[in-house]
Amino acid sequence: MKPSFALLGIFGLAATAPVACGGAQPTSALCRRDDQCGGGAACVAGTCLPHAAPPATWNVELVPKTDSAAGFTEILGVSGAADAFDLAATAKIAVTGTLSFDDSAAPLKAAHVVFKTPAMIAGRPDIQYETDLLPPVPAKMTAPTFTLSVPANLAGRTASLQLLPTPPDDLTHPPSTFAVTVAAALPLSVSSKTFTVQGRLLSALGDPVGGLVARAFQNSALVSNVVKTTAGMMNGSDGTFALTVPTDRVADAQTIAIELEPVTPDSPLPHYWAKAFTLTANDDLGDIHLPAFSQPNAFRFVFHGETNNGPAVVDAVVRARTILADDMVGTTDFERDGLTDGSGQASLSLLPGSTAALLLYDIGVVPPANAPYAATCLEMFPLAAGGLQPTVVLERRPIFSGTVVGDDGAPVSGVVVLATRTAGPKVTACDDDVSTPQVTAPTATDGTFSLDLDAGTYTFDFDPPAGSPYPRLTQVGLSVPSSGAATQTIRLPAAAVVDGTVRDAAGQALPLAGVRFYGPACVAPMTCAGRPPVLEAETRADANGHYRAVIPFAAASPP
């Protein structure tokens with residue numbers, strides 16, 4: 001029986017009675033072939049598992065190989081017989097964009113193209129494709145073009161398309177953004193209607209400051225060309241910059257912010273942000289004065305674990321940031337990053353204070369994943385002259401340990417445990433700047449695992465090895481206390497099997513395609529807005545397009 005496809009929404013797996021060898025639980029062993037399991041079951045790694053019976057429904061992503069004629073495909077509310085759960089991938093179509101320009105505008109020759117459209121599966125990232133403008137042919141007076149290969153089922157859907165000028169055109173052209181309806185041909189008219197924002201950067205003594213990169217942002221998106229403040233004696237224009245911003249990016253009182261950033265991370269100059277403002281006409285910011293500051297000194301920081309004489313904290317990322325000035329017009333700060341060596345030392349070139357006026361830095365320290373010592377934020381750390389600073393002691397990370405067992409209580413080895421921190425305890429004002437890396441570890445032969453984690457709230461993924469008779473599990477909102485150890489027994493759900501063939505739009509088997517099954521993020525959609533859907537199974541088709549996925553027998557109700 002071929003499966004039926006309908007836009008039924010996202011539902012959990014329907015609970016059905018287990019089917020396994022001799023009436024045993026779904027994780028019982030004693031089989032080598034499917035026919036030894038009886039009707040309605042399959043043999044996976046010596047274990048008879050039931051097929052997930054209809055009317056179970058899932059949302060599915062199909063990911064063909066990049067060189068395939070089939071495209072990435074989302075299927076909503078798919079249901080059918082779990083022993084013949086065939087899936088069809090859409091074909092690809094070529095989308096060609098052709099640029100046109102106002103008579104007064106200089107043509108754009110070099111740009112990166114970013115195409116995005118919202119995913120149909122709620123909570124999944126945007127579908128994104130990227131390419132570059134085709135290089136111009138000098139002998140032909142043709143309009144600039146680009147070509148993207150996208151899934152055919154995107155035709156008729158709304159997408160956003162960005163043209164991000166690349167050197168040297170980024171000096172003269174701002175990015176352009178278009179709302180498009182996906183079609184084979186996309187005519188794109190690049191408007192020359194822009195506002196200009198200019199200004200001049202001066203030192204505290206009134207001397208022009210050249211060589212900083214100037215650009216404008218809207219939230220985190222670049223919306224202007226990229227220039228440097230001028231550095232030469234040219235008609236008194238030292239330190240000046242001029243940015244162009246498309247008028248459509250500042251319609252409806254949308255604000256922008258101007259950034260002046262040193263070209264290299266080891267520059268002795270600070271970083272300036274103008275406070276966000278609305279732009280309704282050409283604007284002159286006038287003279288922007290940097291505050292007074294000294295030449296950087298080398299500061300050496302030492303990090304040990306638990307005590308001053310404890311083990312050195314090695315390969316930790318150290319970031320120091322101080323605010324030199326902050327007013328209603330803008331903020332000037334200075335920031336440096338470093339990495340601790342084998343002795344736990346990191347050397348950072350920082351602006352010094354003085355014994356009379358200490359300069360206060362927020363210093364974030366993030367040891368590598370699986371290190372025993374906790375990420376730390378040192379708020380308003382006082383610095384005067386450079387040199388060796390007092391040893392900073394990092395506390396031990398809490399230990400989160402446990403045992404992963406199957407639905408029958410047997411320990412499961414080789415499960416990859418991935419911990420992702422979603423929130424942390426906010427103790428100091430700079431805690432938000434300390435980003436904890438994901439931590440992973442496999443379970444041992446007895447199913448045990450142990451992770452050194454920073455305190456906070458986590459999402460845990462438990463992913464059994466390929467070919468295992470156990471399904472994966474995602475748990476959200478698990479809390480790791482700030483001290484001590486936490487231990488849990490993680491019981492994987494009962495398992496079922498989905499078998500099928502992935503085919504292309506012409507009905508031909510699609511080899512080596514990835515297949516992902518998603519369940520709902522939680523039972524009550526109003527309480528989990530923005531939470532990603534639960535990945536219940538991920539597998540890959542074989543050379544003949546056939547796949548077998550081990551999936552939760554009955555989806556647990558998410559929180």
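These notebook entries record what I looked up on salt bridges and one surface patch.

**Basis.** I worked from a predicted model, in which local features need pLDDT of at least 70 and side-chain atom pairs count only at pLDDT 80 or more, while totals for chains, interfaces and linings use all residues. Residues are numbered from 1 along each chain as its sequence is written, and side-chain values use heavy atoms, without hydrogens and water.

**Salt bridges.** I looked for a side-chain nitrogen of Lys or Arg within 4 Å of a carboxyl oxygen of Asp or Glu. I noted 17 salt bridges by this rule.

**Glutamate 61.** I found that glutamate 61 pairs with arginine 124, with the closest N and O atoms 2.8 Å apart. Glutamate 61 lies in strand E4 (residues 57-63) and arginine 124 in the loop between strand E8 (111-117) and strand E9 (127-132), so the pair ties together parts 63 residues apart in sequence. Strands (E) are DSSP runs of at least two residues, numbered from the N terminus. I then checked burial, where buried means under 20% relative accessible area, exposed over 50%, and partly exposed in between (1.4 Å probe, protein chains only). Glutamate 61 is buried at 2%, whereas arginine 124 is partly exposed at 26%. I also noted that Glu61, Arg124, Arg516 and Glu538 are linked in a network of salt bridges.

**Arginine 215.** I saw arginine 215 meet glutamate 259 in a salt bridge (3.0 Å, N to O). Arginine 215 is in strand E15 (residues 213-218) and glutamate 259 in strand E19 (residues 255-261), so this pair joins parts 44 residues apart in sequence.

**Arginine 472.** I recorded a salt bridge between arginine 472 and aspartate 463 (4.0 Å, N to O).

How values were computed:
Helices (H or I, at least four residues) and strands (E, at least two) are DSSP runs, numbered from the N terminus.
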